[in-house]
Amino acid sequence: IFKNVAKLPSDALFAIKGRLAVDPRTNKVDLGIGAYRDNTGKPWILPSVRKAEQIVQADPNYNHEYLNISGLESLRKNAARIIFGDSFDIANRVVNIQSLSGTGALHVGATLMESLKLNERDVYFSDPTWGNHLQIFAKCGFNSIKSYPYWDAASKKLNLDGFLNTIKEATSGSVFVLHPCAHNPTGLDPTEEQWKVILESIKEKQHVVLFDSAYQGFATGSLAKDAYSIRLAITDILKDVPVMVCQSFAKNVGMYGERVGCFHVVLPESGYNAEEGSAIQSQLEAITRSELSTPPAYGAKIVSAILSSDELYKAWSDDMVTMSSRIYEMRHKLVAKLTELKTPGNWDHITSQVGMFSYTGLSKEQVARMEKEHAVYLASSGRASIAGLNDGNVEHVGYAIDEVVRH
Ligand code: PMP
């Protein structure tokens with residue numbers, strides 16, 4: 001039965017990681033996968049996480065028992081609080097479940113929509129978007145995967161008109177997946193004014209919204225600012241309809257491999273009762289029971305400890321600023337080098353983009369030369385993970401860009 005199995009292509013980003021691992025050049029630079037690195041190029045365990053680990057493990061009741069099917073209650077409550085805000089009526093308006101990081105949250109959301117036959121509708125993703133979005137939704141029976149214009153390559157700005165036109169022309173009730181902040185791969189976010197217009201147009205056409213929040217805290221260093229679009233939707237523009245939110249703690253807590261996340265359904269301000277909320281909860285639990293049985297406990301305990309203690313929360317906020325400001329500094333150092341080298345073209349977008357990534361505008365061929373000639377690895381789309389830059393390699397990357405642009 002397993003004789004004629006089709007061989008699928010390997011995941012593009014993990015393939016980069018594989019090539020980089022066997023590259024003997026000592027000056028190699030990893031700007032591929034979006035994972036934070038410190039100024040020596042090493043993964044960074046956040047000091048707030050180290051502290052939380054000590055506290056959690058010192059608890060006499062610490063153990064490795066199963067969590068409930070819905071996950072760790074304190075994590076779910078506090079995760080909702082940081083994304084929806086302290087004043088939001090979480091008790092009455094949020095139904096949620098712990099998930100396997102952001103990917104698992106997307107999968108729960110897509111599976112919930114599959115059970116409700118929402119997968120028969122068109123689903124729209126930004127062009128470009130995180131590649132895995134398309135696979136996750138396709139696996140859940142979304143057969144009509146479409147895109148809304150987002151990045152305008154010529155101006156390196158948001159194609160707002162194209163985005164709004166697509167919202168207007170889409171069949172009413174289509175599903176729109178939105179990146180609330182630190183857009184992957186472009187690092188380009190709508191302004192607050194643009195968000196208002198986008199959400200108003202979505203409301204007009206009664207589209208269904210799913211926010212995929214994988215980088216809260218990474219765009220501006222502020223959790224509240226990075227949740228602006230979500231909070232605007234649930235407290236104002238889309239407060240009369242359900243809104244789905246996927247939340248990852250991979251990047252902002254640096255717990256990539258521990259897979260901590262939540263999937264939330266935010267209920268409308270009125271018109272839904274507790275019974276309807278508990279019916280949705282039962283669907284989320286049924287999905288999780290058949291796939292994970294119960295979600296992973298360790299990372300959830302660490303993140304929950306951070307979110308429930310004022311002292312750890314403060315330390316974590318500082319850690320987020322450390323990460324976002326180092327990335328900010330690297331954007332500026334890279335552009336300074338390109339300016340010094342008089343590299344042809346305008347590179348201002350590298351400093352105006354936010355979050356972990358820069359959509360450099362380098363072509364596929366230039367990216368291939370960066371890897372072959374200079375041992376600088378980035379996605380073929382030209383997306384560079386700025387977190388991979390540091391004082392030891394930023395000049396080399398500047399020279400590499402300069403060289404490939406000139407030849
Ligand atoms: N959504 C987006 C837009 C992402 O960039 C990522 C991570 N690359 C995820 C979701 C999911 O990440 P994770 O499963 O590691 O939380």
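Let's start with β2 and β10: these two strands run antiparallel and are joined by seven bridges. Strands pair here if DSSP finds at least two bridges between them. The helix and strand labels are DSSP runs numbered from the N terminus, with H or I and at least four residues for helices, and E and at least two residues for strands.

Before I go on, a word on the model. It is predicted, so local features need pLDDT of at least 70 and side-chain atom pairs count only at pLDDT 80 or more, while totals for chains, interfaces and linings use all residues. Residues are numbered from 1 along each chain as its sequence is written.

Back to the strands. Seven of the seven residues of β2 are buried, so the rest of the structure largely encloses this strand. By buried I mean that 20 or more other C-beta atoms lie within 10 Å of the residue's own; exposed means 12 or fewer, partly exposed is in between, and the C-beta atoms are placed from the backbone. β10 is likewise largely enclosed, because seven of its seven residues are buried. From β10, Val-260, Cys-262, His-264 and Val-266 point one way, while Gly-261, Phe-263 and Val-265 point the other way.

Cys-262 is a handy landmark. Opposite Cys-262 in β10 stands Gln-98, a residue of β2. Cys-262 is also the bridge partner of Gln-247, and β9 and β10 are joined by six bridges, again antiparallel.

So what surrounds Gln-98, leaving aside its neighbours within four places in sequence? The contacts are Ser-70, Gly-71, Leu-72, Leu-75, Arg-76, Cys-262, Pro-295 and Ala-300, where a contact means C-beta atoms, placed from the backbone, within 7 Å. Gln-98 has 34 C-beta neighbours inside 10 Å, so it counts as buried. Gly-71 is 27 residues away along the chain, yet the two C-alpha atoms are separated by 4.9 Å.

Seven strands form an open, mixed sheet in the order β2-β10-β9-β8-β7-β3-β4. At the edges are β2 (94-100) and β4 (145-149), each pairing on one side only. Neighbouring strands are turned against each other by 25° on average, direction ignored. For angles, axes are lines fitted to C-alpha atoms, for helices over the stretch in contact, and the values run from 0 to 180 degrees between N-to-C directions.

Within that sheet, β7 (residues 175-178) and β8 (residues 208-213) pair in the parallel sense over four bridges. Val-177 stands opposite Leu-210 in β8. Helix α3 (residues 73-84) lies across β2, β8, β9 (243-248) and β10 (260-266), and runs at about 110° to β2.

On to the ligand. Which residues are the closest to the ligand? They are Ser-101, Gly-102, Thr-103, Ser-248 and Ala-250, out of 13 residues that surround the ligand. Helix α5 (residues 101-115) gives the largest share of the shell, three residues. By class, the shell has four nonpolar, eight polar and one charged residues. Nonpolar covers Ala, Val, Leu, Ile, Met, Phe, Trp, Tyr, Cys and Pro, charged covers Asp, Glu, Lys and Arg, and the others, Gly among them, are polar.

Ser-101 is buried, with 25 other C-beta atoms within 10 Å. Compare Ser-293, where phi is near 70°: with 10 C-beta neighbours inside 10 Å, Ser-293 counts as exposed. Ser-293 is in the loop between α11 (274-291) and α12 (298-308).

Helix α5 also meets α6 (residues 131-139): the axes come within 9 Å and cross at roughly 35°. The contact is made by Thr-103, Leu-106, His-107 and Ala-110 of α5, with Asn-132, Ile-136 and Phe-137 of α6. That makes four nonpolar, three polar and no charged residues.

Last, the cis peptide bonds. One runs from Asp-127 to Pro-128, with omega near 5°, and Pro-128 is in the loop between β3 (123-127) and α6. Another joins Asn-184 and Pro-185, with omega about 15°; Pro-185 is in the loop between β7 and α8 (192-204). Thanks, everyone!

Notes. Near = placed C-beta within 6 Å. Contact = placed C-beta atoms within 7 Å.
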